[in-house]
Amino acid sequence: MVGVTTAPVEVDRPSTEREVLPDTPWVTVVWNDPVNLMSYVTFVFQDYFRYDRAKAEELMLQVHHEGRSAVSSGSREEMERDVAALHGYGLWATMQQDR
Amino acid sequence: MTLAFEAAADGVHATLHPWAWRLRLYLADLQELLGPEPTVPDHPLDALAATLDEPPERPSDPALARLLPDAVLDDPAASAEFRRFSQDTLLTRKRQDAATLAGLLDSTEPQTVLDGATARSVLGALNDLRLMLGTRLAITEEGPAEEVDDLVAYSTYDLLTALQYELVEVLTGDRGGGGETVAAP
């Protein structure tokens, strides 16, 4: 998992709506849905992220019980890649900035 | 009891013919929902021009919208931009997965040996079928939302659940034999 650790820098920036601070990491969130099997969601976390069984199950249970889980973090481009891959597996995934 | 998927030294052994007609019925639905593969523009400039078109909208069919979900919550513009660059690839993958399963169902061999990539493709198609049927049957955590009036669809959804469960077990090494395991060391 890639984390950006650079301290935020105060800059004057135009207040456009889509502006984002480049050093604020993004996260990929997987949402609970009533169709995907718990074992399948665990499998996807192992297969795509190469997480070990324990971590994959922990994230799956968080999705199941809390309705969602942040499963990866990194740059916007990395999260776009993760979300696209998870959609490929049929999981309900979104990306957002980690505020 | 017939197992649909079994781990073996040479891959995953798939035996789907006992359920082929029911799976084929809904696989045809899924393939229609995904639509045909678009023709590739002959000229690079045509491909470039296509990226300047309006981004694709969220599908109006709820089942297709579940297969191609929004990538950003509460931000239709950002989700549309995401669709512009990822939806074709996503649809291509889902069409390929569906074609892999269709090929398996059409095989005259009683049993087919799947390598890891093909097994994952079959798994993807089974999941897409469950998502399509689950959406149409309005499945909730407690099961179908209302009285089920389409018993074939509901029993096929249950069948798909069992098949997917089996295949996941085989791929994660939870079901005997010398099957591969996907867990990272």
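How many helices and how many strands make up the secondary structure of chain B? Chain B has six helices and five strands. Good morning, colleagues. What I am presenting is a predicted model, and I shall take the two chains in turn before coming to the contact between them.

Let me stay with chain B. From one end of the sequence to the other, its elements follow the pattern β-β-α-α-α-α-β-α-β-β-α. Its C-alpha atoms fill a box of roughly 55 × 45 × 35 Å along the principal axes. The chain has 185 residues, and 45% of them are buried. If one takes the contacts in chain B between residues at least 6 apart in sequence, 71% join residues at least 24 apart.

Chain A has 99 residues, of which 44% count as buried. Three helices and three strands form its secondary structure, and from the N terminus they run β-α-α-β-α-β. The corresponding figure for contacts in chain A is 66%: that share of the contacts between residues at least 6 apart joins residues at least 24 apart.

Next, confidence. The model as a whole scores ipTM 0.87 and pTM 0.84. Chain B averages a pLDDT of 87, with 90% of the residues scoring at least 70. Within chain B, confidence is highest in helix H5, residues 116-136, at a mean of 97, and lowest in helix H2, residues 44-52, at 71. Over residues 177-185 of chain B the pLDDT is below 50, although this stretch has 22 contacts in the model beyond near neighbours in sequence. For chain A the mean pLDDT is 85, and 77% of the residues reach 70 or more. Residues 13-17 of chain A stay under 50, and the model gives them three contacts beyond four places in sequence. Where pLDDT is low, the predicted coordinates should not be read in detail.

I turn to the interface. On the chain A side, A:Val35, A:Phe43 and A:His87 supply 22% of the area buried against chain B, more than any other three residues.

One pairing is between A:Asp47 and B:Arg120, where the closest N and O atoms are 2.9 Å apart.

A few individual residues deserve a look on the screen. A:Leu61 lies in helix H2 of chain A. Its relative accessibility is 36%, so A:Leu61 counts as partly exposed. Leaving aside residues up to four places away in sequence, A:Leu61 touches A:Met38 and A:Glu66. A:Leu61 and A:Trp92 are 31 residues apart in sequence, and their C-alpha atoms are 15 Å apart in space.

In chain B, please find B:Ser86 in helix H4, residues 76-106. Why does B:Ser86 count as buried? Because its relative accessibility is 15%, and the cut-off for buried is under 20%. The side chain of B:Ser86 reaches the backbone oxygen of B:Phe82 at 2.8 Å.

Finally, two backbone angles. Most residues other than glycine have a negative phi. A:Arg50, which is not a glycine, has a positive phi of about 60°. A:Arg50 is found in the loop between H1 and H2 of chain A, and at 47% relative accessibility A:Arg50 counts as partly exposed. In chain B, phi of B:Asp74 is also positive, near 55°. B:Asp74 lies in the loop between helix H3 (62-67) and H4 of chain B. Is B:Asp74 buried or exposed? At 78% relative accessibility, B:Asp74 counts as exposed.

Thank you for your attention.

Conventions: Residues are numbered from 1 along each chain as its sequence is written. Chains are lettered from A and ligands numbered from 1 in the order in which they are written. This is a predicted model: local features need pLDDT of at least 70, side-chain atom pairs count only at pLDDT 80 or more; totals for chains, interfaces and linings use all residues. Side-chain values use heavy atoms; hydrogens and water are left out. pLDDT is the predictor's confidence in each residue, from 0 to 100. Helices (H or I, at least four residues) and strands (E, at least two) are DSSP runs, numbered from the N terminus. Contact means heavy atoms within 4.5 Å. Buried area is the accessible area (1.4 Å probe) that two parts lose on being put together, summed over both. A salt bridge is a side-chain nitrogen of Lys or Arg within 4 Å of a carboxyl oxygen of Asp or Glu. Buried means under 20% relative accessible area, exposed over 50%, partly exposed in between (1.4 Å probe, protein chains only). A polar contact is a pair of N or O atoms within 3.5 Å; within protein, one must be able to donate a hydrogen and the other to accept it, and residues adjacent in sequence count only if both atoms are side-chain atoms.
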